[in-house]
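Take a walk through this fold, starting at the ligand and moving on to the core and the sheet.

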Amino acid sequence: MTIRQFKKEDEGSFLHCVKDGWNERGVYDAVDYCLIDPYWYVDNVLYNPDYIVLVALDVTGDVVGYMVGRKTLDIMKIVMLFVLPEYRRQGIGKALKVMLAKFAGDIGCEKIVAYNRFDNDISLKLNQNLGWSIKPIGDDHYRTELILRKGTL
Ligand SMILES: CC(C)(COP(=O)(O)OP(=O)(O)OC[C@H]1O[C@@H](n2cnc3c(N)ncnc32)[C@H](O)[C@@H]1OP(=O)(O)O)[C@@H](O)C(=O)NCCC(=O)NCCS
């Protein structure tokens, strides 16, 4: 398994991977549908320097998972994290998250944040395992964050 930044040559299999996420859309009914629309990624994300796109590639070079972050001032916000169902539970989601956090620190972000639903048990467990702080927002969502550098916060 290779995890690295998205390159133009990944576009085709990246879009296939996003489409598979669309098929699992029940998971995302509280989020923006644009996050599972392949064309939204092409038009707005993949070639936009405000976003960081990491991909996980299998041995054939196909994208089997991805993670998207957006930097605003000194905060890296996680926009999306997805691993194809048949590749789950192999540490890919964790590896993508760890790499994005490292990346964010390297480019000067003070913290990395994500928003999730409380009923997404897997995401909650993943965040807890990685030591991210978890703060409830309303009844059904939580915000999780990791401070990357000591500084202004
Ligand atoms: C969330 C998601 C990205 C995790 O990807 P993954 O590659 O399977 O995750 P990992 O293998 O790195 O698992 C990391 C940890 O998450 C937890 N976890 C993962 N799958 C789990 C499962 N089926 N049941 C319970 N805990 C689970 C475990 O704590 C696991 O660590 P462990 O294997 O050492 O116990 C994946 O399940 C997914 O794409 N889900 C649909 C999209 C989604 O919910 N995205 C996140 C919100 S935007």
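**Around the ligand**

Helix α4 gives the largest share of the shell around the ligand, 5 residues. The model is a predicted one. Strand β4 (75-83), helix α3 (92-106) and helix α4 (121-129) each contribute at least two residues to that shell. There are 19 residues around the ligand, and Arg88, Ile92, Gly93, Lys94 and Leu126 come nearest.

The largest nonpolar core has 33 residues. Val53, Leu54, Val55, Tyr66, Met67, Leu100 and Ile112 touch the most other members. At least two core residues come from each of α1 (11-23), α2 (38-45), β2 (51-57), β3 (63-72), β4, α3 and β5. Strand β4 supplies the largest share of this core, 7 residues. Look closely at Val53. Leaving aside residues up to four places away in sequence, Val53 touches Gln5, Phe6, Val45, Leu46, Tyr66 and Val68.

Next comes the strand pairing. Strand β5 (residues 111-117) runs antiparallel to strand β7 (residues 141-147), and 7 bridges join them. Ile112 stands opposite Leu146 of β7. Ile112 is also among the core residues that touch the most other members.

Strand β7 pairs with β6 (residues 133-137) as well, antiparallel and over 5 bridges. Here Ile134 has Thr144 of β7 as its bridge partner. What separates the strands in the hairpin of β6 and β7? The hairpin has 3 residues between its strands, and Gly138 takes a positive phi near 65°.

Note on methods
Residues numbered from 1 in each chain as written. Predicted model: local features only at pLDDT ≥ 70, side-chain atom pairs only at ≥ 80, totals over all residues. Pairing = 2+ DSSP bridges. Helix = DSSP H or I, 4+ residues; strand = E, 2+ residues; numbered from the N terminus. Near = placed C-beta within 6 Å. Core = buried A, V, L, I, M, F, W, Y, C linked by C-beta atoms within 7 Å. Buried ≥ 20, exposed ≤ 12 C-beta atoms within 10 Å, placed from the backbone. Contact = placed C-beta atoms within 7 Å.
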